[in-house]
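Hello,

I am passing a structure on to you, as promised. Please have a look at it first, and then read on for what turned up.

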Amino acid sequence: MLTDKHLQEFAKSGISQEIAESIFHSVSDPKEIAAFLGWKGYQGPPGWLYEGIDPATGKPTGIGQFKPDGGFIFPDGEEAKYLSQKGNNGKGKHDACCLPIPGINWQEIAENHPPIRCVEGSKKSISSMIHTAMPTIALSGVDMATFGRGGQLTPTLTKLVAEGQAVEIAYDSDIIENNHVRTAAIAFGRSLIKAGCVVQIRLWSPELGKGIDDVIANVGVEEFERRSEVLSFEEWLKPKPKKEPRTRNSEDDEDEASPKKPKMPPQSIIANEITKAYKNTLAWRPNYKKWYRYGSEIEGLWSKNDEE
């Protein structure tokens, strides 16, 4: 069960009570929290926790995260919003998490390797899947998709990715200005490339919201798709050219005095705009050879649609 406080927290990320209660649960018993974290004891606030499932079997992996209400302060003064688990050797243990959402079949994804998305945290993963139908992996942190920066992918990611598969990294909006997040994304992207993946980076303005769940909650999924930008990993790594200051001359005055007739856009741009208009309501699933429409039968979910 979830407390009202926690239900309100998930609602802010666009997660319904039914889905939230199927994945998360509130905990206040220090012994239960300590057992989950692999600690000898726990002296801190209550909170909520979750664990992922194995994409190959659908069974719980036992690996997840705990979020203490208001955060946790370690004896050395370091603060943490989330707490990850420790293994029997006393070292931290982590893995990418698949979370059970209606309409997302992780076993089929592990077998067929469609495009997937990776985000920071469980709430963002669920919001992404509910509203965009994109299989979305929850990472416990920007450096927790691999073992060491640029190292081996975690077990769950290893089962999900394959040669030629598109993987989108959609970290929080601070990837633009936070060097730690940017370098972590670079290391993760290079690990995915080693595995043969086609890596993409999604960016959006911090004004829209920090996480993908915030943006969708603030402006809606259509605006999220329209106002965010997806770059290839190679394009994203290129340094941005500095803009030269523009000098004004007489020709500029003539251009402003004589407005040009608008030109018909190329067909490729028109096709792209049509795609954007229908992208969030109509989708073709190649694995099933079927059309799906968003919200046609059940609000908030994708359902099969007649070909006509």
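Strand E12 (residues 166-169) and strand E13 (residues 198-203) run parallel, with 4 bridges joining them. Please keep in mind that this is a predicted model. Within that pairing, Val 167 stands opposite Val 199 in E13. How does the chain get from E12 to E13? The path goes through helix H7 (residues 179-194), and the β-α-β crossover made this way is right-handed.

E12 has another parallel partner as well: strand E8 (residues 116-120), held to E12 by 3 bridges. Here Cys 118 is the residue that stands opposite Ile 169 of E12. If you follow the side chains, remember that in a regular strand they alternate between the two faces of the sheet.

**The chain as a whole**

Stepping back, the protein chain has 12 helices and 17 strands. The C-alpha trace spans about 75 × 55 × 40 Å along its principal axes. Of the 308 residues in the chain, 43% are buried.

I hope you enjoy exploring it!

Best wishes

Terms used
Residues are numbered from 1 along each chain as its sequence is written. This is a predicted model: local features need pLDDT of at least 70, side-chain atom pairs count only at pLDDT 80 or more; totals for chains, interfaces and linings use all residues. Side-chain values use heavy atoms; hydrogens and water are left out. Helices (H or I, at least four residues) and strands (E, at least two) are DSSP runs, numbered from the N terminus. Buried means under 20% relative accessible area, exposed over 50%, partly exposed in between (1.4 Å probe, protein chains only). Two strands pair if DSSP finds at least two bridges between them. A crossover is right-handed if, with the strands pointing away from the viewer, the path from the first strand over the helix to the second runs clockwise.
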